[in-house]
Amino acid sequence: MEQAVQAATPVEQAPRKKKKKINFKKTWPLLLMMVPGLLYLIINNYLPMFGIFIAFKNINFAKGIFNSDWVGFRNFEYLFTTADAYIITRNTILYNLVFIVLGTILALACAILLNEIKNKFAMKFYQAVIAMPNLISWVIISYLVFAFLGAETGYVNNTILPALGSDDWIMFYMEPKYWPYILTTINFWKSVGFSSIIYFASLMGIDHSYYEAARLDGASRWKQITRITIPIMTPVIVMLFIMNLGRIFYSDFGLFYQATNNSGALFSTTATIDTYVFNGLLGVGDIGMSTAAGLYQSVVGFILIIVANYITRLMSRENAIF
Amino acid sequence: MKKEDRGWAIAGHISLIFYTVICIIPFILLISASLTDQNAIYANGFSFWPSEFSTAAYEYIFSADSGIIRAYGISILVTVVGTLSSVIITALLAYPLSRKETPYRNLLMFLILFTMLFHGGLVPSYLVYTQLLDVKDTIWALIVPGFLMNGFSVLIMRTFFSTTIPPELIESAEMDGAGEFKILGNIIAPLSAPVLATIGLMNCIMYWNDWQNGKIYISNPDLYSVQVLLNRIMEDIQFLKKNLPAGTDMALASLPSDNARMAIAVIGVLPILLAYPFFQKYFIKGITIGAIKG
């Protein structure tokens, strides 16, 4: 302990040594408390960061991970010469863009509608129900999707299509072309209500006197929304928007893996970086390449988050993460 | 003007009722499917009302050999142990960080923040947990990797502690000779019930819903949680359908029938749906805390 004090103080602030001296006698219980949490961070977060060296190795399980041969950037070369890298990057970014842009609009519209409900009980009820899908696990959602889209027993093939006069079944889990729409719908079903509550919370904070003044001037409800609500909400919208853009390289793994039943036939429209890495790990793909894909995601994702945070900080300091 | 407001309110009610119906309808299909006779499912597919009512699926589930009861036990055990330990570990880290006396506070805050920005990725994590710690096929695999603590909860809790608990309170407790652990347990924790409940609830849902750790680390069926079991059944069926010639019903017959699978999904989601009315207040509060920086 004493040694640690000696070592730490000069670095901290050499001139005011006395004042800055850390009092371990008094603070050791506080330090002790943090041990389990910090230990966990080391194991769960920091050790894997050093594990990224695997991306530069040709993993051979017979030789063991540490003894496998170094191959430099070969895994990355392989990854980027296949069509896979393009497909997974494109899918990840395009889906996220649609989710962010359309999702924001839907969530905002939903929040504005919630705000029109004056009956408190009804408002709380709607809020509770529309936030509920976000609680459901992706495995259960894959069952819900299967109940609708399953080939032999699904509701769509057995009830909706016949009602529309079509006798042919659609093999949904084999046809990539439908999935951009299906996945977008599932994503909105799960998340729009949830995110509308975030907007609703900040809508509730708007000073009512603005609306009263507008009403006295004869502004219609629509005018009040477009001229008061939206402008006041803009900073929040922009901020969440940028934060989400910062995460554009990460996909909602459960959505793309579970809702599609991880069907290989759908790869071209449903594979994202996360599903690619996961499949690589579980033996469907190449582990070196999937680690390379994971590192590619971590690095680009990190840069994007830093940029997004920097922009947020320029706009409003208190909303930035750091 | 009044009339216009009413028009908006009615439009709001209609759209939101429509939306709530969309949120609920898939569950009705699921429940109805679980209560339909298997032969009726073969004939007509799933429908919103059982064409032929049957409780055979539930009888199968609650019979001893389905493995569901066991999976349920695993899910409950993991959720309870995981939630309690994660809240405790998070609070133990967040509290010292909220105190000005704590040495290296800024450095530690940075280290926590950094974990929120950069991830080593799935494969390196897997190697740490299997090669270094050997959690494979143990109950710890369902509790520890990824879920036990996250930087975000620590920041939220720390902010709550430092903004709602007056430093004088801690000082006076120290004067009375209370140690830090006592202060945290007897003074801070009771005052912080809202944030502890919110974080606990979020973690609880996360543990109950987890299938990923189970899929990556567990191959022993005795350790399947409900979600992992459901995932495994779905995968086995896809696999058999793809790899067996048509008409090989033998292998398929050993798997739960359609209605039984739907029934397992129903009982997998039921605890959350039933408890939801009681915790939705905290849940909705949690959404707002989570969105706005801790």
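**Domain and chain contacts in a predicted model**

In chain B, the centres of domain 1 and domain 2, taken over C-alpha atoms, sit 31 Å apart. The model is a predicted one, in which local features need pLDDT of at least 70 and side-chain atom pairs count only at pLDDT 80 or more, while totals for chains, interfaces and linings use all residues. Residue numbers run from 1 along each chain as its sequence is written, with chains lettered from A and ligands numbered from 1 in the order in which they are written.

Domain 1 of chain B spans 1–54 and domain 2 of chain B spans 64–291, with bounds from an automatic or database domain assignment. Contact between them involves 7 residues of domain 1 and 7 residues of domain 2, a contact being two residues whose C-beta atoms, placed from the backbone, lie within 7 Å. On the domain 1 side, helix 1 (2–34) and helix 2 (38–44) of chain B each give two or more residues; helices here are DSSP runs (H or I, at least four residues), numbered from the N terminus. Helix 1 of chain B gives the most, with 4 residues. By class, this side of domain 1 has 4 nonpolar, 3 polar and no charged residues (Ala, Val, Leu, Ile, Met, Phe, Trp, Tyr, Cys and Pro count as nonpolar, Asp, Glu, Lys and Arg as charged, and the others, Gly among them, as polar).

Turning to the two chains, 77 residues of chain A are in contact with 79 residues of chain B. Elements giving two or more residues to the chain A side include helix 5 (83–116), helix 9 (179–204) and helix 15 (287–315) of chain A. Helix 3 of chain A supplies the largest share, 18 residues. The class tally for the chain A side comes to 51 nonpolar, 21 polar and 5 charged residues.
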